[in-house]
Amino acid sequence: ARSPGGPSVPLLPIGSVPFANSVTLSDDGKRLFYGQCWDTEDGNGLFELNLETLESKTILEDIFGCASNAMTYKDGALYTPRPFEGRVVKVDLTSDPPRVTNVTTDMVSPNAVKFNSLGELAVTDTATGEVVLVDLTAPDTGTNRKVLAQFPSNYIDNLAFDMDDRLFVSSASNAAVTEILSDGGLRIVSPEGMSIPMGLAVVEETQTIYTLHPGALFQIDPKKSEFTTIVRSAVTLGPMEEPTSLVAWGNDLVLLSVISGSLMVWDLEQQAPKISTTFGLPADAHPFRGDLLVTEMATGRVIQATAADSFQTRKVIAEAPGAAFLFLAGDDEDVYVSDGARGLVLQIISQGEVLDSPSTLATDLSSPEGIAMHPNGDEILVVNAGNSSLLAVDRITGDKRVITTELALMSGIDGLPFGFPNDVVVVDGSIYVNGDGADVIYKIEDEENDSSGTSQEATATTICIVFLCAFNFIFFAAQ
């Protein structure tokens, strides 16, 4: 909870509600309802917290996939989509036990519901891209919907009515907000863009940059500073599996997820997965002599996985007490890794041989994240996320110099030594960094020395402004 201008205060012990998702209030503001969603292994629950006594109770439990997603309260009942079941249900809180009945059925993946002032219920279906109005009086719940607007599959997410009953929908994949007009037309409120860019990868043959954000994969033309959405994806619907970082694998991509544990080789020509497997929350990967090196957040290790059997043969090549190995860089001779927990950059492979113990190259870093080989070949680029800077580290001496301090990066979050992955890549001598704090991709020209030989700090210029939009939550406060 958070009062205007005040700090955020946990209402429940941190970590006590895994997969916590939707929240809504009763009309009098005294009862907070919250639900779990997207846990496909253990059952999800629906709960109530009395905001006066801070006592909680279970309303429903052991629901597969999703107990509630983007629910709303009306007249003593909760209305909530069940995306795994293709239906919207009403949970009558006045009955004991709470009675669950169908509101509308035979949908694909309903994701959010809202009432307008007339008591009409609008629903989004992420899979079909439909925004529908439900006739609550119709006896057939399979056909009691009217389509208000059609969007691409996996485009829409949430919705809201304003005080004048104007209807707005948000897009997770394209970070846009659109108004659905009464005549069925659409009005762009917030233009399409990217929110929270995560990671960068370069396909060398085409010199094309790729990045992710929640719900989409983007292609960036560095010469034109333009980006294109090439894949839209939704939680559990796919086709991607909640990737949080990416790396080039020949002319394809490797998509990794510290959320789902997925590692997927993505065919850029077919726009489909070639290989899909799991690791211990993989954060980054690096091609090495035909195999793939993978950092695991769950174990803090670096794993070498054999490509010949779709990465099923694996061995540990680097581990250390207290380490959190995150991002990799190098070539087929020398490989380096950042350690977000201990503030280090280390060398783990030298002249093609795995070192018995990682060799420390740089110390006293602040949450180092993405690393890459500098165009000069003599230094390692390091995204020093803790103080929003980009450094260059000498590969021989470990000496550090500041390239820029103008980056807007998210600070670390509980349980992770980084916010979202901020990576660095090099294309045609220019340096690119994704900035998750400002929702941009930076282009940086590193002029190492001026004519007097004095080191100069580079200027980070934004090549691709990407707009942060409430892609997952859209609402209007009461006037």
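A quick term to start: buried means under 20% relative accessible area, exposed over 50%, and partly exposed in between (1.4 Å probe, protein chains only). This is a predicted model, where local features need pLDDT of at least 70 and side-chain atom pairs count only at pLDDT 80 or more, while totals for chains, interfaces and linings use all residues. Residues are numbered from 1 along each chain as its sequence is written, and side-chain values use heavy atoms, leaving out hydrogens and water.

Select Cys37 and Cys66 to begin. Both are buried, and a disulfide (cysteine sulfur atoms within 2.5 Å) joins them, with S to S at 2.0 Å. The torsion about the S-S bond is about -110°, so this disulfide is left-handed.

Next, pick Phe64 and Phe84. Rings of Phe, Tyr and Trp (its six-membered ring) pair if their centres lie within 6.5 Å; planes under 30 degrees apart count as stacked, over 60 as edge-to-face and the rest as tilted. Here the centres are 5.4 Å apart and the planes at 80°, so Phe64 and Phe84 are edge-to-face.

Now jump to Phe151 and Tyr155. Their planes sit at 10° with the centres 5.6 Å apart, so that pair is stacked. Phe151 is buried at 7% relative accessibility, and Tyr155 is buried too, at 5%.

Last stop: Arg314, whose charged end sits over the ring of Phe279, 3.6 Å from its centre. That label needs NZ of Lys or CZ of Arg within 6 Å of the ring centre and within 35 degrees of the ring normal.
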